Amino acid sequence: MFSWVGSEEAYVDQIDIRQVGPVVLGRFGGCSTAGQTKNEDGCLVMTGTDWELTVLLDAHNSAESAELVAEQFLTYQERLHQQLEQAAESVLPTFEHIILELLTEDTFRARCETCRGETACLVVVRKGNYVFWLSVGDCIAHLFHPELAGLGQHSLNQRQFFEWIGQVNTFALPVPCYTRGIRELRQGHNRLFLTTDGLVECPGEPFSDATDIGRAFRGTEAQDAVLTLLTTIKHHAVRDSTTILTWSIDVTDDVTQPSNA
């Protein structure tokens, strides 16, 4: 288990890259010369037998909402772990329910009402040959695979700009608003890539197109690719903080293919 929020360590003007189990974590708090003084991102990584659970957070106004969400996932850590140790066909079709329970729990919602600011929240789980995601707000998730790239397909989720958890809480609406999905990974080398929006909204937009992000990983180690991404936006004097989570999965099993009709 790994958990971090930018209020603990901001990484302003500093690039930090580390390995958390199979996941490469990259952090850059933005450039002080561009006016950056704080980091309101956060993340959480859990791993187990044939699975990873990641949570990416991008708060504003303060990091309090990101802290609350990270703490809530830590509270549910044992239950999440137990669920994800089950077979993929048993847990993934209903995994959404435990995330919704976690985010709508009465005590948690009451704490959200008293915090300052709100956060986007992206949950991505890889279990076996499948990936589950649940997205609130504008964090970004991509799945890079040569077969998909050849068809112009990169994104897992679609960014939503008026969804948050915290002081303004779309999970306090009569009908909570979020997006979710489950995808089968393709045979061969799959790369999951999650990022907050500093990477894609950098001045000059060097990585506004997903293909430019995917290109950085070709023929190089993941840590080196993440360093290239963060160094580039640092040179572009990005103000907003960027947090990246990325890891790869190699699938040897047969996967869904069209019929020969």
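The questions and answers below set values against definitions.

Modeller: This is a predicted model, in which local features need pLDDT of at least 70, side-chain atom pairs count only at pLDDT 80 or more, and totals for chains, interfaces and linings use all residues. Residues are numbered from 1 along each chain as its sequence is written, and side-chain values use heavy atoms, with hydrogens and water left out.

Biologist: Why is alanine 141 called buried?

Modeller: Buried means under 20% relative accessible area, exposed over 50%, and partly exposed in between (1.4 Å probe, protein chains only). Alanine 141 has 0% relative accessibility and therefore counts as buried.

Biologist: What makes lysine 38 partly exposed, and is glutamate 40 buried or exposed?

Modeller: Lysine 38 has a relative accessible area of 41%, so the label is partly exposed. Glutamate 40, at 11%, is buried.

Biologist: Why is the pair of glutamate 40 and lysine 38 called a salt bridge?

Modeller: The term requires a side-chain nitrogen of Lys or Arg within 4 Å of a carboxyl oxygen of Asp or Glu. The N to O distance between glutamate 40 and lysine 38 is 2.9 Å, and the pair therefore meets the definition.

Biologist: What makes arginine 159 part of a network?

Modeller: Arginine 159 forms a salt bridge with aspartate 138 at 3.7 Å, N to O. Arginine 159 also forms one with aspartate 197, the closest N and O atoms being 3.7 Å apart. Salt bridges that share partners join Asp138, Arg159, Asp197 and Glu201 into one network.

Biologist: How do you know that aspartate 197 is buried?

Modeller: Aspartate 197 has a relative accessible area of 7%, and is therefore buried.
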